[in-house]
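Let's take a friendly walk through a protein structure, one piece at a time. Have a look at the picture, then read on.

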Amino acid sequence: MWHTYLISAFKTNPLATRGVCILPTAVVSFLPWQTSLNQKTDKVRLEMEHKDKSMIIDGRALRFTEGETILEVARRNHIDIPTLCHLKGATPTGACRVCVVEVEGARTLMTSCTVPATAGMVVHSESPEVIRSRRMTIELMLTSGRHDDCLVCPSSGDCRLQDLAFRYKVKGATFTPSGVKYPMEAANPFILRDFSKCILCGRCVQACNEVQVNEAIDFGYRGAEAKIVTKGDRALKDSDCVFCGECVQACPVAALVPKNARLVPRMSETRAVKTTCSYCGVGCQMNLHVKNNRVWHVTGCEEVAPNHGSLCVKGRYGFDFIASEHRLTTPLIKENGAFREASWDEALDLTARRFKEIAGAHADAVGVLTSARVTNEENYIAQKFARTVLKTNNIDHCARL
Amino acid sequence: MVMDHHPEHPDVTAEMWTRIDTILDEHSSVPGSLITALRLCQDTVGYLPPPLLDYIAEGMNLASSQVFGVATFYSLFSLKPKGRNIIKACTGTACYVKGIKEILNHIRNSYSISEGETMPDRRFTLEGVRCLGACGLAPVMVVNEDIHGNVDPKQVKGILEDYQ
Amino acid sequence: MSKARMQLMLCSGTGCHATGSKRFHEALDAELNRQGLTDEIKIVETGCNGFCAVGPVMLVQPEGIFYQKLTAEDVPELVEEHFLKGRPVPRLFFKEHMSKEKIPHIDDIPFFSNQVYRAMRNKGAIDPEVIDEYIARDGYFGAAKALNEMSSEEIIDEMLTSGLRGRGGAGFPTGLKWKFAHSSKGAEKYVLCNADEGDPGAFMDRSILESDPHVILEGMTIAAKAINATKGYIYCRTEYQLAIRRLEIAIAQAKEYGLLGTNILGSGFDFDIEIYQGAGAFVCGEETALMRSIEGKRGMPRPRPPFPAYKGLWDKPTILNNVESFANVPQIILKGGEWYASIGTEKSKGTKVFALSGDINNIGLVEVPMGLPIRTLIYDIGGGIPNKRKFKAVQLGGPSGGCVPEQHLDTLIDYEEIAKVGAIMGSGGAIVMDDRTCMVDMARFFMDFIQDESCGKCTPCREGTRRILEILERICDGKGEAADLKSLEDLCEVTSNSSLCGLGQTAANPVLSTMRFFMDEYKAHIFEKRCPAKTCQALLKFTVDAEKCKKCGLCFKACPADAIVWKKKEVAFIDTTKCIQCMSCYDKCPFDAID
């Protein structure tokens with residue numbers, strides 16, 4: 001019923017779909033109807049005068065609940081305010097200034113991620129002043145460090161800064177790039193730290209300290225010298241880092257990427273396949289990023305229990321076995337001290353025969369050890385097989401928690 | 001909390017470790033006292049070598065990365081050894097207007113050290129500091145605890161000769 | 001206290017200390033001892049007197065004779081002539097800059113006579129290390145009244161009536177701030193005093209703390225009662241060791257007298273104050289950063305709302321006022337808000353303390369009534385510009401402020417009036433610049449400061465100020481381009497409009513202000529590759545004006561690079577290929593013939 005209504009609304013009013021996100025928002029302010037925005041706002045303002053807990057964003061009267069930020073209200077209503085440093089689940093810091101909006105009556109622009117909605121508040125999310133500020137902020141980020149090599153950047157296509165530059169048509173050509181200040185760090189098997197790409201949004205610090213609560217990294221130094229540091233500004237391998245990769249997933253640019261990111265297909269070229277991590281019993285939800293039938297990256301699925309995007313070092317980086325050369329692809333049978341390749345039928349027949357002989361002759365002479373890398377269902381079948389067919393309770397699992 | 005081990009460091013003597021342990025003992029249970037503890041430890045050793053920072057973190061029950069972040073944020077803290085004598089040249093507005101630049105140039109030329117540097121023999125550390133609030137005496141140079149006001153570039157060498 | 005016939009109020013503030021007050025004190029002490037005068041004549045070491053330019057200074061009471069530039073060698077004459085024979089020593093009187101007239105009495109010296117003392121009412125009048133002297137001048141009477149006779153609401157009402165606004169610079173009404181914190185729910189609340197005076201060219205807070213530490217404790221206690229707080233912190237710059245020592249003494253004495261701690265003055269009210277030493281970060285003057293710093297963290301500001309009155313230190317309701325604001329509180333409570341509001345302008349009441357420095361004769365600390373024209377501050381109190389040079393501008397509000405040029409000198413000292421001309425009241429730094437100061441270089445200086453002190457958290461402040469500095473450096477280096485002016489304007493506006501905290505939001509003010517009034521200088525740098533004030537070395541090209549040259553040869557002698565050709569009775573000539581732009585000749589020429 002509800003769906004039908006929605007669909008018919010779309011059919012009758014094609015604009016209903018446009019205002020959401022199909023229309024590039026950067027263009028909005030230059031469109032003719034923008035000029036009448038204030039008139040429209042006044043009209044809506046009158047309509048909502050006596051309603052508590054309502055505010056106006058871009059001329060739309062919107063209800064909110066106590067404590068909601070402008071950003072939350074906007075997002076709930078499909079008004080696309082861009083963010084960069086905002087990390088869901090962590091305290092908003094208001095550091096990057098990309099999400100600034102114009103709040104009527106405020107002295108300066110306000111960050112929508114931090115300012116709580118209040119009754120009667122009137123917000124313009126894409127006013128000329130807002131766009132001017134965002135463009136300059138993006139320009140400043142693009143010229144800090146080195147952001148001129150998108151063509152060879154592993155995060156190309158999966159980079160928030162790139163998306164923002166595209167959305168607001170900023171080229172990063174106004175100032176001379178400040179270049180490399182701190183050298184790249186690659187002295188560990190998992191993570192590549194490229195400080196020349198870091199825009200100091202602080203998402204990694206929050207991911208480490210607020211989400212994982214590992215407290216391995218923090219802001220160090222001050223002002224233009226500011227840098228994300230470990231204890232003593234040492235390499236990650238000499239710090240308290242456990243390489244869970246939470247920071248890598250949080251990094252909106254290419255300052256933190258998997259070690260081999262420059263050698264394998266970029267994230268944007270791959271297709272995400274959702275699955276459950278098989279390392280332990282927690283059952284973390286993960287995306288395998290696949291191209292050419294090979295897994296190249298693993299990320300945690302955001303907004304899904306139990307892990308809400310987090311993974312541990314094994315789940316995130318321990319997938320090289322899938323494509324390992326050392327992996328067996330055919331059954332092997334050992335004869336006279338040496339293995340020879342065999343067909344599945346031959347191998348299964350041999351195994352079944354030997355099980356029958358041994359298990360028939362000696363009670364509990366056979367035990368079954370299963371693996372965390374198979375699914376629950378397969379593990380269930382294995383124990384069923386052990387108990388009913390082999391008639392033994394000797395069944396165990398390598399990853400009992 | 002006093003730890004049972006002290007990291008080895010050439011600039012931190014046994015007495016200093018005892019003092020550091022006392023400082024950490026007094027402050028570890030007081031919330032927000034990290035900056036105070038760092039200041040007292042720096043007063044004890046003269047500077048804050050990174051192993052000491054790790055030790056302080058452990059003693060204060062804080063993340064080492066956080067302690068490092070705090071120590072590098074405030075200009076009071078130095079992670080490098082300082083000279084026996086510390087020259088603080090005021091770079092506040094009044095001193096700037098009255099020519100602190102020339103005084104800094106003189107020191108730079110005479111002792112081959114720039115702002116923030118220490119001489120290899122650790123005789124002097126030169127610091128350009130924020131307004132010392134002695135604008136009436138501009139330009140001002142403070143050597144250790146001694147305030148030298150209305151400094152003429154020509155006097156600089158003479159003043160500094162007293163500090164060995 | 002012994003009854004001496006004469007009290008010698010000897011300034012021992014940082015300024016006088018540096019010019020030798022200690023040596024003078026020792027010599028005076030010895031001489032009085034030798035003459036057996038120690039019972040009759042008492043030396044009182046006071047905090048900063050304010051007139052730092054002529055230190056060490058001493059006021060002889062009860063006569064009110066003011067002596068300046070004292071040395072140990074002056075002691076025998078002073079004791080013999082004045083203290084014994086009653087003939088003051090004119091040689092050591094203050095000398096008027098213009099008329100060269102010698103003025104013996106403190107009240108006749110224009111520097112002092114144009115001032116109105118409220119926040120600094122005890123400066124130079126008491127021994128800051130003796131609580132009885134403070135009490136003798138109505139000290140702690142305000143606190144007694146507030147604690148025993150007034151409700152929180154009444155205190156707040158009195159503050160609102162007084163019209164006192166934040167003296168740290170932003171000018172938010174103090175009473176209103178207290179009102180918010182009072183209405184904010186919470187069992188634990190905090191009163192903080194911002195003594196992290198960081199503006200270059202400002203030393204008001206240090207002087208107040210050094211000369212009258214108890215007034216801060218009293219002011220904070222009254223604030224605590226108003227918002228119902230039990231704990232206070234004074235966040236003081238660690239460089240201000242003398243101020244810290246005096247505060248420590250003051251706190252100990254106040255506790256001993258039952259004026260701090262539990263059950264203050266039998267009122268049942270508890271309040272304790274702790275000193276917290278900052279560790280050197282200008283941004284910690286910003287309230288949220290200061291609170292982070294007290295929490296032992298990096299002093300990085302956090303976005304507001306929530307405002308500290310609701311969620312401040314340790315997430316508890318907190319008020320933060322600056323030293324000068326607190327110094328005004330006891331008298332407001334004692335004499336009433338209306339008394340305080342009786343001087344000043346419509347929206348700016350009371351007095352403001354300024355630290356006069358730079359190219360001005362009477363460098364020092366002054367307290368003037370609101371509504372005074374800036375011209376009076378510079379010329380009457382400040383004694384004008386030295387060396388007969390021309391006034392160019394006075395910079396108010398330090399790195400967050402702007403400059404007031406000649407044509408706006410009649411602007412009144414008032415938060416709104418000053419803001420109209422693009423400066424801010426600020427915390428009170430007033431740096432006077434003569435015509436030899438380059439305004440582009442000045443803007444560059446402040447940007448260099450800000451860029452260095454930016455915490456690095458938000459993009460516009462961290463990256464924006466760096467770019468502004470880069471452009472200004474380029475202009476000063478003679479490499480400026482026409483497009484730079486537009487870039488500067490864009491950067492300044494976005495930095496002001498989008499930065500997270502007050503530091504970033506005001507960072508561009510010195511640039512905007514100098515661009516507004518001294519665009520011709522920017523243009524001269526960019527288009528003519530010329531620095532009109534002869535400050536930017538890369539742009540200096542010196543020539544001798546043959547008409548003005550008196551052929552004295554001083555320039556020739558001063559030149560370290562043999563770049564000046566001169567023979568007796570001939571006009572000097574500068575060989576620009578050899579000239580190293582060191583300015584030696586320019587400074588030496590008594591006839592302004594080198595340009």
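## Where chain B meets chain C

The contact between chain B and chain C takes 32 residues from chain B and 46 residues from chain C. Keep in mind as you read that this is a predicted model. Put together, chain B and chain C bury about 3100 Å² between them, and 61% of that lies on carbon and sulfur atoms. Three residues deserve a mention here: Phe73(B), Thr93(B) and Arg130(B) supply 22% of the area that chain B buries against chain C, more than any other three residues.

What about salt bridges across this interface? The rule finds zero of them between chain B and chain C. Polar contacts are another story: 11 residue pairs are in polar contact between chain B and chain C, counting pairs with both residues at pLDDT 80 or more. On the side of chain B that touches chain C, the elements giving two or more residues are α2 (34-45), α4 (64-73) and α5 (93-97) of chain B. Which of the elements gives the most to that side? That would be α4(B), with five residues.

## A quick look at chain A

Now for chain A by itself. Its secondary structure comes to 12 helices and 16 strands. Of the 401 residues in chain A, 48% are buried. If you take the contacts in chain A with a separation of 6 or more, 56% of them are between residues 24 or more positions apart. The accessible surface of chain A comes to about 22000 Å², and carbon and sulfur atoms hold 57% of it.

## Salt bridges, pair by pair

Over all chains, the structure holds 57 salt bridges.

| Glu161(B) | Arg123(B) | 3.9 Å |

Start with the salt bridge between Glu161(B) and Arg123(B). Glu161(B) sits in helix α7 (residues 156-161) of chain B, while Arg123(B) is in the loop between α6 (100-111) and β2 (124-129), so the pair ties together parts that are 38 residues apart in sequence. Arg123(B) counts as buried, because its relative accessibility is 10% and the cut-off for buried is under 20%.

With a relative accessibility of 1%, Asn328(C) counts as buried. Its side chain joins that of Tyr340(C) in a polar contact of 3.4 Å. Leaving out residues up to four places away in sequence, Asn328(C) touches Arg118(C), Ala119(C), Leu164(C), Arg167(C), Tyr340(C) and Thr351(C).

Then find Gln505(C), in helix α20 (residues 502-507) of chain C. Gln505(C) counts as buried at 13% relative accessibility. Beyond its neighbours within four places in sequence, its contacts include Arg107(A) and Thr108(A) as well as Thr495(C) and Leu500(C). The side chain of Gln505(C) also reaches the backbone oxygen of Ser499(C) at 3.0 Å. Meanwhile Gln505(C) and Ser400(C), 105 residues apart in sequence, are 8.4 Å apart in space, C-alpha to C-alpha.

## One helix to finish

Finally, trace helix α10 (residues 213-227) of chain C. This helix has 15 residues and reaches 22 Å from its first C-alpha to its last, close to the 21 Å expected at 1.5 Å a residue. How many of its residues are buried? The count for α10(C) is 15 of 15. Just after α10(C) comes Asn228(C), which takes a positive phi of about 70°.

How values were computed: Residues numbered from 1 in each chain as written. Chains lettered and ligands numbered in written order. Heavy atoms only, no water. Helix = DSSP H or I, 4+ residues; strand = E, 2+ residues; numbered from the N terminus. Buried < 20%, exposed > 50% of the residue type's maximum accessible area, 1.4 Å probe, protein only. Contact = heavy atoms within 4.5 Å. Areas by Shrake-Rupley, 256 points an atom, 1.4 Å probe, with all protein chains shown as cover. Salt bridge = Lys/Arg side-chain N within 4 Å of Asp/Glu carboxyl O. Polar contact = N/O pair within 3.5 Å; in protein donor to acceptor, adjacent residues only side chain to side chain. Expected span 1.5 Å × (residues − 1). Buried area = accessible area lost by both parts, 1.4 Å probe.
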